[in-house]
Amino acid sequence: MNASALQLKELHKRFGETPIIRGVNLDVRQGERHAVIGPNGAGKSTLFHLISGRFPVSSGQVLLKGEDITGLAPFMINRRGLSRSFQVTNIFSRLSVYENIRCAVLWSLGYRYSFWRMVEKARDARELTESVLEQINLVSRRDVLAGVLSYAEQRALEIGITIASGADVIMLDEPTAGMSLSETEYAVALIRRVSEGKTLLIVEHDMSVVFDLADRISVLVYGQVIATDTPENIRANPAVQEAYLGSATEEKDHA
Amino acid sequence: MLELIIFSTLNGLLYGLLLFLLASGLTLIFSMMGVLNFAHASFYMLGAYFGFQISLYIGYWPGLILAPLLVGGIGALVERFGLRTVRKHGHVAELLFTFGLAFMIEELVQMVWGKVPVDYRVPDLLNFSAFTLFSTTYPAFRMFMLITSVVVFLGLLLLLTKTRVGLIIRAALTHPNMVGMLGHNVPLVFMMVFGVGCGLAALAGVIAGPALVTQPAMAASLGPILFVVVVVGGLGSLQGAFIAALLIGLVQTFAVAINVSVADILAPLGITLTRDSMGGDLWMATVAQVAPIIPYLLLVLVLIFRPKGLMGYRET
Amino acid sequence: MREIVNKNGYWMQWVLAALAVIALPYVFSSGAALTMMCLMGFAIIFSLSYNMLLGQTGILSFGHAVYYGMGGFMTAHALNVIAAGKLPIPLPVMPLVGGLAGLLFAMLFGWVSTKRAGTAFSMISLGIGELVAACSLILRGFFGGEGGISTSRTETMKFFGLNFGPQIQVYYLIAAWCLVCIAAMYLFTRTPLGRMCNAVRDNPERAEFVGYSTQMVRFIAFCASGFFAGVAGGLSAIHYEIVTSSVIGAGPSGYVLLMSYIGGVGFFIGPIIGAVLMTALQISLSDYTGAWMLYVGLMFVMVVMYAPGGLAGLLLMHKPMLMRGTFRRLLPAYGLAVVPVLMVTAGGVLVVETCYHLLVKASEGTAMNVLWLQYDAKSPWAWSAIVVLFVAGGMALRKLSPYVAESFHDAVQQAQSKGAQ
């Protein structure tokens with residue numbers, strides 16, 4: 001039985017009077033690829049924000065590898081080994097691609113707030129940055145300012161920044177949003193590669209990506225998980241079909 | 001003693017309401033446009049000077065109407081041709097633009113009217129004492145200032161809560177993009193809000209000019225206190241600005257009246273402190289001398305214990 | 001030769017800078033020039049320290065002069081203590097005292113200030129600046145009241161036979177510290193913290209999600225910046241031999257912002273250009289016109305509105321063209337634009353000067369003398385001429401600007417395609 005990488009216990013989130021997350025229980029096992037799907041407005045991104053510390057929880061618990069991280073600041077959660085990407089590209093637009101990745105590796109390599117060593121002399125930072133750049137296939141664009149990259153390149157950079165720190169729990173928020181078919185295929189291959197041996201939690205709308213990648217799927221509807229199971233069982237689940245009535249056929253046309 | 005308390009309360013309320021008159025325009029502009037108008041106190045100063053100039057030709061009362069209108073118009077033009085150009089460079093650029101504007105207004109005022117305070121007189125109609133309490137008179141002009149501030153404040157409240165325009169403004173305060181999507185001409189609304197905000201500041205200037213000194217340094221001395229009011233009250237909160245303004249107004253006015261120092265308090269206990277003792281200056285300074293620092297001390301305290309301000313919710 | 005330059009290009013520029021600094025007094029040897037260069041020296045350090053906050057970390061402070069001033073005051077007091085006790089500490093070390101004072105106060109106030117970001121931080125910095133300025137009137141022992149604190153730089157132990165009385169010796173002291181500080185602040189930008197400062201500037205949220213506390217990054221940058229501001233203050237105390245509470249107030253805080261921004265906050269060299277230019281203007285312009293502060297304000301607003309990269313930005317915009325030789329494409333457009341620019345500038349200056357004369361110097365009569373022009377300030381002919389000059393120049397500039405922009409883009413395109421070959 002795999003240990004739990006990420007556990008959500010009775011998670012609630014209210015904005016003012018409006019409940020968005022209404023008691024989510026989730027158990028993501030170590031090493032698995034777990035997808036979260038659901039209709040628009042179900043609260044998938046909000047769930048990510050709660051886990052990664054961007055929003056405070058109203059009640060409930062978030063456990064990372066057994067440790068309670070509820071309510072911690074984002075940087076503290078990141079240091080404990082959880083890294084996330086953003087649905088709306090959130091990169092350092094005035095820094096080069098190379099520098100974007102390098103900023104993401106610095107803490108994990110132990111450089112912290114040091115101002116007494118030159119970053120160019122740091123060979124481990126350089127090598128790690130180069131290897132990440134190779135993985136996301138942006139070596140040829142390394143000196144380009146991140147703000148002028150194409151959309152797909154920015155999404156790749158977004159993933160690159162997320163995995164660069166070597167976190168063992170990776171959360172990707174709609175990584176293939178807005179991508180063409182070939183770009184999506186490429187992104188899926190990249191995601192599969194970089195999540196080898198790690199725990200992946202991914203929010204996606206593109207069903208072909210989900211069924212391709214995921215070991216298990218959780219379905220989030222109106223702030224609650226209505227089912228968690230293998231892809232085949234989820235496909236056959238009547239409650240899921242009802243929640244998705246109509247939108248499943250739309251997804252097929254998309255591909 | 002009672003006399004001191006009553007007059008200090010009146011003056012403190014007056015100062016607080018004046019601060020709020022300025023802070024309300026500032027908060028409205030900030031909440032809607034995201035830019036803190038560094039030149040707000042400069043428009044206050046312009047109002048006082050314009051009012052003075054008008055009072056030389058046609059008297060004080062026309063100035064009360066004309067000066068705010070003129071300055072409000074200038075404000076609208078500044079927004080249309082200045083701020084709008086800078087907006088695309090971000091909030092920092094907008095703040096820097098208003099900073100440069102404040103700088104230039106001060107230089108221009110010095111150039112036109114000189115560095116010496118000008119003699120902005122209380123109008124004859126109000127140049128008497130309203131009442132006498134325990135042998136001290138209270139000028140009628142100050143009562144006028146008090147009443148006008150309250151009237152403007154009530155008018156603002158009514159405008160915001162009971163009218164359609166007020167509804168749009170309140171909506172734009174928290175969701176400017178959405179208001180634009182609903183079909184309102186947001187750039188025009190911005191221009192009007194900026195203009196009205198500056199006009200309010202100018203009105204405060206016309207009211208305060210004859211009572212306080214009208215000089216080129218008036219913007220630089222009131223400006224920082226104004227920003228303390230909005231930060232302590234909570235950026236973007238009108239209620240917070242009101243509470244903070246009254247708090248600072250009252251505390252500072254009372255402090256100025258207290259001529260007691262730490263040395264004075266400790267003396268009866270047998271502890272003698274003089275200028276030569278360790279940290280001598282601190283013990284010898286009376287509360288009245290320390291009064292200018294009090295708003296800033298309040299700022300630091302609020303920052304330590306309640307960083308978002310008393311009632312704040314909008315972070316830039 | 002070219003290979004040597006390319007290989008060691010990095011070191012060469014520092015060596016060249018040092019040589020230039022050493023040679024300057026021989027080129028400009030008058031007392032006034034020496035004094036001006038001394039002023040530029042610590043203005044450069046002050047501006048660079050300010051840019052550690054604004055350009056590199058993205059935080060706008062309106063109260064930076066506090067750390068400059070505290071550095072100055074501590075240095076002055078230390079000098080007096082050393083002179084009184086005849087302690088064996090040489091003068092060249094003294095700016096370090098200023099630096100440590102700046103650091104200490106930056107740690108104290110920075111801890112409170114960096115709790116908030118953005119506009120709130122700026123207002124807090126203003127408030128703390130006013131707080132310290134107001135305190136300076138109360139704590140007369142430390143701040144010296146109206147007269148400030150006087151000190152003497154010649155009372156310390158002789159340093160290799162130098163007593164730092166003559167201006168030239170002070171110049172070399174300031175120049176040496178200036179070079180050291182420039183190097184230190186430049187190297188700071190190449191450290192992990194320096195890189196994260198840029199990251200926090202660009203996207204503070206993302207920086208948190210890669211493991212960095214933005215508050216801590218800003219706090220450390222604030223402290224480092226305070227240190228260097230204190231060094232500049234210490235050098236200023238040594239130069240002027242007096243420190244008054246005016247160095248702490250909103251004036252110098254605003255001034256360093258103007259200097260840095262006009263020079264260009266997005267580039268390391270920007271504040272250096274700004275400091276040099278503004279110091280030169282301050283000394284030379286104020287002799288010619290009483291409205292020079294207005295010109296400075298106008299320049300600042302123009303930069304904010306139309307050239308947010310500052311002077312450094314404007315110059316560096318041309319770098320790809322100069323390097324690939326396509327600058328020639330631009331010359332005709334720029335040449336044409338020179339005339340309207342001159343007209344607008346001349347018209348503007350004349351308006352300001354004439355108004356100034358009429359308003360401030362009214363007692364001196366209405367006859368005016370600008371450079372070689374003599375006219376009556378109230379004459380309608382003069383006024384019409386000035387207005388026509390300004391408006392015509394402005395209209396011509398408006399018409400020309402699409403052409404200039406096009407030429408510029410062409411030249412840049414050519415440079416880029418040449419570079420790609």
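A: In this predicted model, H3(A) passes H9(C) in a left-handed crossing. The term applies because the near helix is turned anticlockwise from the far one by less than a right angle.

Q: What angle and what distance describe how helix H3 of chain A and H9(C) pack?

A: Helix H3 of chain A, residues 97–106, makes an angle of about 120 degrees with H9(C). Their axes are 10 Å apart.

Q: Which residues of H3(A) and H9(C) meet?

A: From H3(A) come A:Glu99, A:Arg102, A:Cys103 and A:Leu106. They meet C:Pro192, C:Arg195, C:Met196 and C:Ala199 of H9(C). By class, this helix contact has five nonpolar, no polar and three charged residues. Cys and Pro are counted as nonpolar, and Glu and Arg as charged.

Q: How many residues does each chain bring to the contact of chain C with chain A?

A: Chain C gives 24 residues and chain A gives 30. On the side of chain C, the elements with two or more residues are helices H8 (167–189), H9 (192–202), H10 (204–209) and H11 (214–240). H9(C) supplies the largest share of that side, eight residues. The residues of that side of chain C divide into twelve nonpolar, six polar and six charged.

Q: Which pair of chains has the most contacts, and how do you know that chains A and B do not touch?

A: Of the two pairs of chains that touch, B and C have the most contacts. A contact needs C-beta atoms within 7 Å.

Q: What makes strands S2 and S5 of chain A edge strands?

A: The open sheet of four strands in chain A has the order S2-S1-S4-S5, with antiparallel pairing. Strand S2 (18–29) and strand S5 (67–68) each have a single partner strand, so one side of each lacks a neighbour in the sheet.

Q: How do you know that S1 and S4 of chain A pair?

A: Strand S1 (residues 4–15) and strand S4 (residues 59–64) of chain A share five bridges in the antiparallel sense. Pairing asks for at least two bridges, so the term holds. One position in this pairing is A:Gln7, opposite A:Leu63 in S4(A). Helix H1 of chain A, residues 44–52, lies across S1, S2 and S4, at about 70 degrees to S2(A).

Q: Why is A:Pro19 called partly exposed?

A: A:Pro19 has 15 C-beta neighbours inside 10 Å. A:Pro19 is in strand S2 of chain A. Apart from neighbours within four places in sequence, A:Pro19 is in contact with A:His12, A:Arg14 and A:Gly223.

Q: What is the strand order of the open sheet of six strands in chain A?

A: The order is S6-S7-S8-S3-S9-S10, with mixed pairing. Strand S6 (82–84) and strand S10 (224–229) are the edge strands, each pairing on one side only. From one strand to the next the twist averages 15 degrees.

Q: How do you know that S6(A) and S7 of chain A pair?

A: S6(A) and strand S7 (residues 169–173) have three bridges in the parallel sense. At least two are required, so they count as paired. In this pairing A:Leu82 stands opposite A:Val169 in S7(A). Helix H5 of chain A (residues 151–164) packs on the sheet and touches S6 and S7, its direction making about 160 degrees with that of S7(A).

Notes
Residues are numbered from 1 along each chain as its sequence is written. Chains are lettered from A and ligands numbered from 1 in the order in which they are written. This is a predicted model: local features need pLDDT of at least 70, side-chain atom pairs count only at pLDDT 80 or more; totals for chains, interfaces and linings use all residues. Axes are lines fitted to C-alpha atoms, for helices over the stretch in contact, and angles run from 0 to 180 degrees between N-to-C directions. A residue is buried if 20 or more other C-beta atoms lie within 10 Å of its own, exposed if 12 or fewer, and partly exposed in between; C-beta atoms are placed from the backbone.
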